[in-house]
Amino acid sequence: MKKLKFKNVMGVVLPLLALGILIVGIWYGWQYFSLKRALYCPSVGQIDRAQIMNLREFQEADKALKAYEEELQKHFVNEARKLEPARQTELFMKLKEQLDQRRVKISNPLFQRAEAAVAQVAREKAMTVILDKKIVVCGPEDITQDVIKKFQSAEKLAEPVSIPQDSSGIGYFDQEVIRSLKPFLTVDVQLVRIYQDMEKELKEKAGKSSPAQREELLKQYTERFESQKNQMLKPLFKKVSDTVDKIARGKGLKLVLDKEEVMYGGTNVTDDVVKGFLAGEDFRQ
Amino acid sequence: MKKRYLLLIPLVLIISGVVFLGLRHQELFKFASAEDALPIGVVDFQKLLRLSPSWDRLMELDRKVTEMEGVLSSSSEGVMDTLLGEHMLGLKRERVKAAGEMEKEMLRIKKQLEQELTENKKQAVETIRAIEEKFTRMQKARNTNSQEEDQGGFPASEEEIRGPHAAEKKMVYAEIRDSVDDLYLLSKRQVAAKTLELEQKVKARIEELQKKQDAESNSFEMKMLQANQARKLNLQLKIQVAATTEERNKIQDELNKIAEDESAQKETMVAGMHQESERLRSLETVALRKEIFAFKVRLDAELSQKVSAIQEKAAVKISGKTGVPPAQLALGNFNQPQDLKREYNEKMLQLQAEQNKAMEQAGQQYEKKKTELAERLKKIEQDMFKRVMEKRKLIEKSQKEEYAKKAEALSSLKKQRERLFLTMVDELKGMVGKVARKKRVPLVLAGYISSLDCEDLTEISARAIKEEKPR
């Protein structure tokens, strides 16, 4: 009786065990093959920005803006002939302002909706960072189609109020802000002067030379200018780079990208980099 | 029963293997659930691209694309410019030749007209001289008659006076002649002064008109330039950003047309002003001559009265000395004969009128010829423009096919390049993905500003690519 009991139990338990193990195996096997193409990092996603920018809505906005620009151009041509040169400039500035206002009116809502769509999809997928596809080599899930669906839906999309705490270690900063700082602008002005002087010198020399010599001179001057430019900008770039490293280390970041490449989430270190870059530095040349 | 258990053993082993693999897989992605640790890898994708087996082919395609772009740009601009340039050079030569010939013809006509006018003038001078001679002859004849008759008429010279009271008469004659000569001299000076004054007035009026015309011309030119400035600026900007040669040529044509219009408007304006100036000059000259003539007539009348008064006075003087009553003295008339003078003046007026008419006619003839030649030149230019346009169309037509073929080839090359590049990128991404999986790095990025705690997978990926390359 006892023997029979054991046999009966084994006869039930073993197939059940085998079935359970089979289910677990199939689950992991499926996960292995489905993730073969994309490495598994659920907190980071990627978007094809170019695909979003090519959407019908953005194309139509572009078309409308172009039409408005042409209309303003025609208006300028008609009006300018009746005006003095100084008044012509005034009119030009006024029309440019009108165009900018229209651009804000037409394009901004679209950009805001796109941002909101990205944020919503990211929240739904529990992602804390969304990157531009162009810098991703492999890993994150591509959420472009989800974002497009969301963007084109009739759903009212709320703008992201707060972005969840990111633990990916990805930071970013706005390089344009750094390039607009005084030390960079000072170098830019100096470079313009150097360029003008070189251009003058080149014209004088080129006037007396043959076309082949002129080509050679142009090459030489271009190289000279580039070398001068690098020489003047190198210390500034190094300073930016050192500052970024310092700030990133302080904030426990692993990687710092350009603002353009981070579509959602991440840690913005622009202000810290600006402060660090300008703090106690003497940029006199 | 035992056999049944033995059959279960391989099944259990297979299932255990699958479970083991699954667990290994879970081990591999254990970071997936651990939120605090996301390893990030970075690669220098450009470097990896250069190591790709297809890199040389990509470079070759790039070279071909650049070469084809160069060929296309030179076939659309260079060849067209060269062919059109040669054609235009020939046409320009034709135009210069035509303009030169016309200039020569204008000069010839001008010379001919001037010669005709000089001839007219010469004839007029000769006619005047003939009238003057006739006038002098008639005066002399009258003098001779009065001497013979000693009765009225034109006074004889004092040396020829004989007969009773000859000495007294001679003395008075001398006095009268002196006074009359003075009066005539004064009259001549007055005429000369008046002529000068009037001529200066006319000159001033013409100068004033010219100044006004210059100002008007400048103002017109400024207005015209201002009116077209914005349009020209706009077209010049458009030409800078024009995408095709066709578009650029179209804009250039528009710019040329504006310049031609401006030039034509200016020419019309200048021609109108010149005509107006000539008309005024002619009118002023006629008015001047009329005024001088009227002044001379008035002066002659005054002179005649004065001479008569002197003569009467002289008669009274001689009468006092000789006792002969003034009416019987018959001193003659010191005034120039009125009928002859009238004829002289009328003839002069007629000659002046003829001279003016001839000048006016010559001017009109010259202007007519000038307009004719300008029209001819304009026609030549229009014809030139038409021929350039036709030539351009011909070149465009012959090149269009060739251009389309090359453009198609370029487009195909570009597509080929794009396809290859995307394949290369996909292959490299796949390879980096494999490396990343081996290294348990779930996120690999290319392009960063600062990388602190990321694993650089460039070298290891490069090795993997090199290993795969021979295959």
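**View 1. Chain B of the predicted model, seen as a whole.** Of the 471 residues in chain B, 9% count as buried, in a model that is predicted. The chain holds seven helices and four strands, and these elements follow one another along the sequence in the pattern α-β-α-α-α-α-α-β-β-β-α. Among the contacts of chain B with a separation of 6 or more, 81% are between residues 24 or more positions apart.

**View 2. Chain A as a whole.** Chain A has 285 residues, and buried residues make up 21% of them. Its secondary structure consists of nine helices and eight strands.

**View 3. The largest nonpolar core, with residues from chain A and chain B.** This core has 58 residues, and those with the most contacts inside it are V118(A), I130(A), V137(A) and V256(A) from chain A, together with V43(B), V432(B) and V444(B) from chain B. Helix α4 of chain A, which covers residues 85-124, supplies the largest share of the core, namely six residues. Because domain 1 (44-168) and domain 2 (176-278) of chain A both give residues to the core, the core lies between them. Once its neighbours within four places in sequence are left aside, V118(A) is in contact with I47(A), I130(A), V147(A), M263(A) and Y264(A). Apart from this core lies another one, of five residues, which include V172(B), Y173(B), I176(B) and A315(B).

View 4. Strand β1 of chain B, residues 40-42, runs parallel to β4(B) and is joined to it by two bridges. Within this pair of strands, V42(B) stands opposite D456(B) of β4(B).

**View 5. A second open sheet, in which a strand of chain B joins strands of chain A.** The order of the four strands is β8(A)-β5(A)-β6(A)-β3(B), again with mixed pairing. At the edges stand β8 of chain A and β3 of chain B (450-451), each with a single partner strand, so one side of each is left without a neighbour in the sheet.

**View 6. Strand β5 of chain A and its two partner strands.** In a regular strand, side chains alternate between the two faces of the sheet. In β5 of chain A, residues 170-173, I170(A) and Y172(A) point one way, whereas G171(A) and F173(A) point the other way, and all of these residues are buried. Strand β5(A) runs parallel to β6 of chain A (residues 255-258), to which four bridges join it, and the bridge partner of F173(A) in β6(A) is D258(A). Two bridges join β5(A) to β8 of chain A (residues 267-268), and this pair likewise runs parallel. In this second pairing, G171(A) stands opposite T267(A) of β8(A).

Conventions: Residues numbered from 1 in each chain as written. Chains lettered and ligands numbered in written order. Predicted model: local features only at pLDDT ≥ 70, side-chain atom pairs only at ≥ 80, totals over all residues. Buried ≥ 20, exposed ≤ 12 C-beta atoms within 10 Å, placed from the backbone. Contact = placed C-beta atoms within 7 Å. Core = buried A, V, L, I, M, F, W, Y, C linked by C-beta atoms within 7 Å. Domains from an automatic or database assignment. Pairing = 2+ DSSP bridges.
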